[in-house]
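The following paragraphs lead a new reader through a predicted model. The sequence and the structure should be kept in view throughout.

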Amino acid sequence: MLQQYNPKNENIKVWVGDRLFDRHEAKVSVFDSIVQGGDGVWEGLRVYDNHVFCLDKHLERLEYSAKALAFDHIPERDYIKKAIFETLKANRMFNETHIRLTLTRGEKVTSGMDPRLNSKGSNLIVLAEWKPLVYDNKNGIRVITSAIQRNSPRHLDSKIHHNNLLNNILAKVQANFAGVDAAIMLDTQGFVSELNDTNLFMVHKNVIYTPHADACLPGITRGLVIEVAKASGIDIIEKNLTVNEFYNADEVFCTGTMGELTPLHEIDGRPVENKTGSNLRSLIHEKIHEKIYELGEKIS
């Protein structure tokens, strides 16, 4: 499913560094680490009814990722919140909004890989856009299994939410050529890890299963699904899962901030057939929406 340009975003304000710029003036230096080597960390945030959902959870993960990459001068959390809120208020965005929050290692004195060349501190970017959910949560999506394996923690730990997304992009390219919406990525042992952009769950005989978060990012929405399922008395198990098990599931869905809980209706040409009539995805989806005000932070 290809995202569409929204004319409402033509004249938005974007936060770069320490202030807001018009969309067409919002730029980073050619010496910025994000240009030189994809050297940055990011979060995707969603705004519902004047609240930024799970804001502190996202900012904590941003801080953890920046620390793992040994960034200097990581902005204080209150400063990042101020930048987010000022951006949203300047654009009058209080609902149906997606925020791409990026922290780069910053500008270098000369081109090169060495982080010691960064002398100006990190660079904060807050890009807020009017944007609907990226997937069709009513009709679902079609996927294939990619030949591209998900990174192992021995290579590049996916728990660092970094901007070097080529591993995922190559899988998405394969999905595009196949004419489907996304691609399942396996880990180095051949077990299902996640989609190229979201975490995966399956339901079989009224039990929810999800892969271990060894080779994938343990997403915030993923964590909420696990939390809500347990609180609702629904059996949920994390285990190694093969593609074959997903073929024979009653329900399959993916989770992420940009799409919430999206059903998969076809995997490698095989339809997902709900032989038990379970409806656990919809049940959990509703319960998570009930937590928007509890887990969201009001724009101030």
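A residue is called exposed when its relative accessible area is over 50%, and buried when that area is under 20%. By this criterion F177 is exposed, because its relative accessible area is 76%. F177 belongs to helix α4, which covers residues 166–178. Together with L166, I169 and V173, F177 makes a nonpolar surface patch of about 430 Å².

A contrasting case is found in strand β13. This strand comprises residues 251–256, and six of its six residues are buried, so β13 is largely enclosed by the rest of the structure. The side chains may be followed along the strand in two sets. E251, F253 and T255 point one way from β13, while V252, C254 and G256 point the other way, and all of these residues are buried.

The neighbours of β13 can be considered next. In general, the strands of a sheet pair through backbone hydrogen bonds, in either a parallel or an antiparallel sense. Strand β10, residues 199–204, pairs with β13 in the antiparallel sense over five bridges. Within this pairing, V203 has E251 of β13 as its bridge partner. Strand β14, residues 260–267, also pairs with β13 in the antiparallel sense, here over four bridges. F253 stands opposite P263 of β14, and a hairpin of three residues joins β13 to β14.

Attention now turns to another sheet. Seven strands form an open sheet with antiparallel pairing, and their order is β2-β1-β6-β5-β3-β4-β16. From one strand to the next, the twist averages 30 degrees.

Strand β4, residues 51–53, pairs with β16 in the antiparallel sense over three bridges. In this arrangement H51 stands opposite K298 of β16.

Helix α3, residues 77–91, lies across β1 (13–16), β2, β3 (40–48), β4, β5 (97–104), β6 (123–130) and β16.

Note on methods
Residues are numbered from 1 along each chain as its sequence is written. This is a predicted model: local features need pLDDT of at least 70, side-chain atom pairs count only at pLDDT 80 or more; totals for chains, interfaces and linings use all residues. Side-chain values use heavy atoms; hydrogens and water are left out. Buried means under 20% relative accessible area, exposed over 50%, partly exposed in between (1.4 Å probe, protein chains only). Two strands pair if DSSP finds at least two bridges between them. Patches are made of residues with over 30% relative accessible area and no salt bridge: like charges are joined within 9 Å, nonpolar side chains (Val, Leu, Ile, Met, Phe, Trp, Tyr) within 5 Å. Accessible areas come from the Shrake-Rupley method with a 1.4 Å probe; for residues, only the protein chains shown count as cover. A salt bridge is a side-chain nitrogen of Lys or Arg within 4 Å of a carboxyl oxygen of Asp or Glu. Axes are lines fitted to C-alpha atoms, for helices over the stretch in contact, and angles run from 0 to 180 degrees between N-to-C directions. Contact means heavy atoms within 4.5 Å.
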